[in-house]
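Here are my notes for your first read through this model. Keep the picture open beside you and look for each feature as it comes up.

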Amino acid sequence: MIQGMAKKRILIVEDDPSVRTLLEKALALDYEIESVADGVAAVRRISQPPAADVILCDIMLPGVDGFEVARRAKASSHWSNVPIVFLTARTTPKDVILGIQAGARHYLTNPFKIQGVLDKLARITLGESGAP
């Protein structure tokens with residue numbers, strides 16, 4: 001991180017505690033982290049400001065799935081421009097299409113390499129766009 005710059009905020013939406021903890025620890029050095037453990041908590045969080053700079057979201061979540069979390073974020077006046085990255089075990093082409101249709105900018109599949117997640121988030125937060 002460049003000294004003097006505010007850290008970008010990442011909202012992690014992940015129900016698996018081990019994956020959530022791994023992501024929190026790996027991202028905490030460069031980002032301000034907020035995390036929730038289910039889709040209901042994610043929907044509640046995105047219903048209010050301030051928005052995060054990126055949402056890193058699983059799809060298979062208890063309560064409300066990640067597709068619906070993405071749709072709700074895109075419908076929110078505060079969160080509609082926030083890039084969404086799905087990080088999920090759902091790997092079929094249909095799932096990728098559903099993710100993009102729900103509003104995701106990127107779609108990463110499990111198993112993932114933490115460096116790949118860090119690289120993707122760095123590109124997003126630095127304003128670069130890219131293919132899913």
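1. How many helices and strands are there in the chain? There are 5 helices and 5 strands. Helices (H or I, at least four residues) and strands (E, at least two) are DSSP runs, numbered from the N terminus.

2. A word on where the numbers come from. This is a predicted model, in which local features need pLDDT of at least 70 and side-chain atom pairs count only at pLDDT 80 or more, while totals for chains, interfaces and linings use all residues. Residues are numbered from 1 along each chain as its sequence is written, and side-chain values use heavy atoms, with hydrogens and water left out.

3. Next, the overall dimensions. The C-alpha trace of the chain spans about 40 × 30 × 30 Å along its principal axes. A compact globule of 132 residues would have a radius of gyration near 14 Å, and the 13 Å of this chain agrees with that. The radius is taken over C-alpha atoms, and the globule rule is 2.2 Å times the number of residues to the power 0.38. Buried residues make up 41% of the 132 residues; buried means under 20% relative accessible area, exposed over 50%, and partly exposed in between (1.4 Å probe, protein chains only).

4. Now find the sheet. Its 5 strands form an open sheet in the order β2-β1-β3-β4-β5, with parallel pairing. β2 (31–36) and β5 (106–109) stand at the edges with a single partner strand each, so one side of each has no neighbour in the sheet. On average, neighbouring strands are turned by 20° against each other, direction ignored. Axes are lines fitted to C-alpha atoms, for helices over the stretch in contact, and angles run from 0 to 180 degrees between N-to-C directions.

5. How are the strands joined? Strands of a sheet pair through backbone hydrogen bonds, either parallel or antiparallel. Two strands count as a pair if DSSP finds at least two bridges between them. Strand β1 (residues 8–13) is joined to β2 by 6 bridges, and Ile-10 stands opposite Ile-33 in β2. Between β1 and β3 there are 4 bridges, with Leu-56 in β3 as the bridge partner of Ile-12. Another 3 bridges link β3 to β4, where Ile-55 stands opposite Ile-84.

6. Look at the side chains of β3 too. Val-54 and Leu-56 point one way, Ile-55 and Cys-57 point the other way, and all are buried.

7. Turn to the helices on the sheet. Helix α5 (residues 114–125) lies across β1, β2, β3, β4 and β5, and runs at about 155° to β3. Contact here means heavy atoms within 4.5 Å.

8. Which helix packs against α3, and at what angle? Helix α4 (residues 93–102) does, at an angle of about 20° and with the axes 8 Å apart. That makes the two helices α3 and α4 roughly parallel (angles under 35 degrees count as roughly parallel, over 145 as roughly antiparallel, 65 to 115 as roughly perpendicular and the rest as oblique). Phe-67, Ala-70, Arg-71 and Lys-74 of α3 make the contact with Asp-95, Leu-98, Gly-99 and Ala-102 of α4. By class, this contact has 4 nonpolar, 1 polar and 3 charged residues. Ala, Val, Leu, Ile, Met, Phe, Trp, Tyr, Cys and Pro count as nonpolar, Asp, Glu, Lys and Arg as charged, and the others, Gly among them, as polar.

9. Is Val-43 buried or exposed? Val-43, in helix α2, counts as buried at 15% relative accessibility. Leaving aside its neighbours within four places in sequence, Val-43 is in contact with Val-64, Val-69 and Arg-72. For comparison, Ile-97 of helix α4 is partly exposed, with a relative accessible area of 49%.

10. Finally, visit two loops. A cis peptide bond joins Pro-49 and Pro-50, with omega about -5°, and Pro-50 is found in the loop between α2 (39–45) and β3. Another cis peptide bond joins Asn-110 and Pro-111, with omega about -5°; Pro-111 is in the loop between β5 and α5.
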